[in-house]
Amino acid sequence: MMDLKIICLLLVVSFANAEKYMTVYSSQQGLTFYGDSRPWCSAVQACIGRYQHLGIINSETLNIASSKIIQSGKRAWLGASDMYTEGHWIWFDSSQVYSGYYMWAGGEPNNDNNEDCMEAGGKGTYYWNDEGCGDSHGYICQISTSRQLPAMYSVLSFSDTISTSNSRTTFSNAKQECESKGMRLARVDSREEFQILQNQLPRNSNEKYWIGTKHGKCVAMNNKDLEFTDCSSTALPFICEVVSPYAVEVSDESPKIHENDNLQIDCKASGFPLPDVFWYKDGERITEQTDQHLHQSIGSASATLKIDRAQMGDAGEYRCYAANTANNFELNVFGLLMMEVYTEGEEEIERVTENLDFWQRLENYQKQ
Ligand SMILES: [Ca+2]
Ligand SMILES: [Ca+2]
């Protein structure tokens, strides 16, 4: 049976867009599309292995970001399922799909042949379908905002692999050696961070390494634990790190602007060394020459996008990128801003057609 809530939601959206305006969507959602095909549960594992989770696409902003990154012609598993109770769709964080945003394709979910897992791409990357969990597809992983630990993004160097280093030395020498290479001694601020670093230690090594300070004391770690150690007397190998940019944040989640409005959006990022942050429009880096009324002012680990007197031509895809010397570490690090300009009636007509389609399907269904 078609869910009436879907129809109602679409109607509400179509009336909300009846005015002529530009909509700006922004997001820093840490979404990454992976193209290797695997069953749903295996995709869940693959994301966890990256300290992420299958995408929880519970807003329009996220769905746009998600639909943009799914490779053309591919499908992607999303993080929702009704495998526990048929028809009761829950996201990976146990929140209910139907109590928030959702965007099923027309006629879905249909539980055809017992389909219990959510995917996008089978019916366009913007719309969702329920699919057999055992089928193999690509998937979208998401960095959870509540688990943004620097250690997840750290790239470690062990002193015995840095050719110019004294591989065993005192804490203060170790610290200097890291700094002389633009790195710092690896930091561990929680159990979780310890586990992430632990996984990167050479296998079967019982070696103890210097890492950064904790509570003002010198700390060493091996594959079992952290240990406070006498700073001066012991010569140990050590671990330096750089931290790939993370926690890229765009200041405004979904501002709406009219033609001739001014717009200012900040983008900030974390990382070590502090990352450079800059804006792109439609794949091209914004410079003074790009556009007369597009500017960006670059700050420390931040950049502010400024649009003076917005025009229709400013519509497009904006990305804020953060980069530092850890750039051999591959993560999609960007904030996404979608700016759309609706010309008169266009958007409404599309939506209404869609609604008619739903109503017709519903009528046909009821006639049967
Ligand atoms: Ca089902
Ligand atoms: Ca289906």
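Guide: Two strands pair if DSSP finds at least two bridges between them. Strands (E, at least two residues) and helices (H or I, at least four) are DSSP runs, numbered from the N terminus. This is a predicted model: local features need pLDDT of at least 70, side-chain atom pairs count only at pLDDT 80 or more, and totals for chains, interfaces and linings use all residues. Residues are numbered from 1 along each chain as its sequence is written, while chains are lettered from A and ligands numbered from 1 in the order in which they are written.

Visitor: What makes strand 12 and strand 13 a pair?

Guide: Three bridges join strand 12 (residues 217-221) to strand 13. The rule asks for at least two, so they pair. The two run antiparallel. A220 stands opposite E227 in strand 13.

Visitor: Which strands stand at the edges of this sheet, and why?

Guide: The open sheet has three strands in the order 11-12-13, with antiparallel pairing. Strand 11 (209-214) and strand 13 (226-228) each have a single partner strand, so one side of each lacks a neighbour in the sheet. That puts both at the edges. From one strand to the next, the twist averages 35 degrees (axes are lines fitted to C-alpha atoms, for helices over the stretch in contact; angles run from 0 to 180 degrees between N-to-C directions).

Visitor: How many bridges join strand 16 to strand 20?

Guide: Six, in the antiparallel sense, with strand 20 at residues 302-307. Here C267 stands opposite A303 in strand 20. Strand 16 (residues 263-272) is also joined to strand 14 (residues 239-250), by four antiparallel bridges. In that pairing, Y246 stands opposite S270.

Visitor: Is Y321 buried or exposed, and how do you know?

Guide: Count C-beta atoms, placed from the backbone: 20 or more others within 10 Å means buried, 12 or fewer exposed, and in between partly exposed. Y321 has 20 such neighbours, so it counts as buried. Y321 belongs to strand 21 (residues 316-323). The C-alpha atoms of Y321 and C267 are 8.7 Å apart, across 54 residues of chain.

Visitor: Why does S157 fall in another class, and which class is that?

Guide: S157 has 17 other C-beta atoms within 10 Å, so S157 is partly exposed. Its place is in strand 9 (residues 154-158). Beyond four places in sequence, S157 is in contact (C-beta atoms, placed from the backbone, within 7 Å) with I162, M183 and C240.

Visitor: What makes a group of residues a nonpolar core?

Guide: The members are buried Ala, Val, Leu, Ile, Met, Phe, Trp, Tyr and Cys residues, joined through C-beta atoms within 7 Å. The largest such core has 28 residues; A43, L54 and A76 are among those with the most contacts inside it. Elements giving it two or more residues include helix 2 (40-48), strand 4 (76-81) and strand 8 (137-142). Apart from it lies another core, of 25 residues, including C218, V219 and I239.

Visitor: How do you know that the buried residues of helix 4 are on the same side?

Guide: The buried residues of helix 4 (residues 171-180) are F171, A174, K175, E177 and C178. Take the directions from the helix axis to the C-beta atoms. They cover an arc of only 165 degrees, so these residues lie on the same side of helix 4. The face turned away carries the exposed S172, E179 and S180. Cover for the buried residues includes strand 10 (184-185), strand 11, strand 12 and strand 14. After helix 4 comes G182, with a positive phi near 75 degrees.

Notes:
Two residues are in contact if their C-beta atoms, placed from the backbone, lie within 7 Å.
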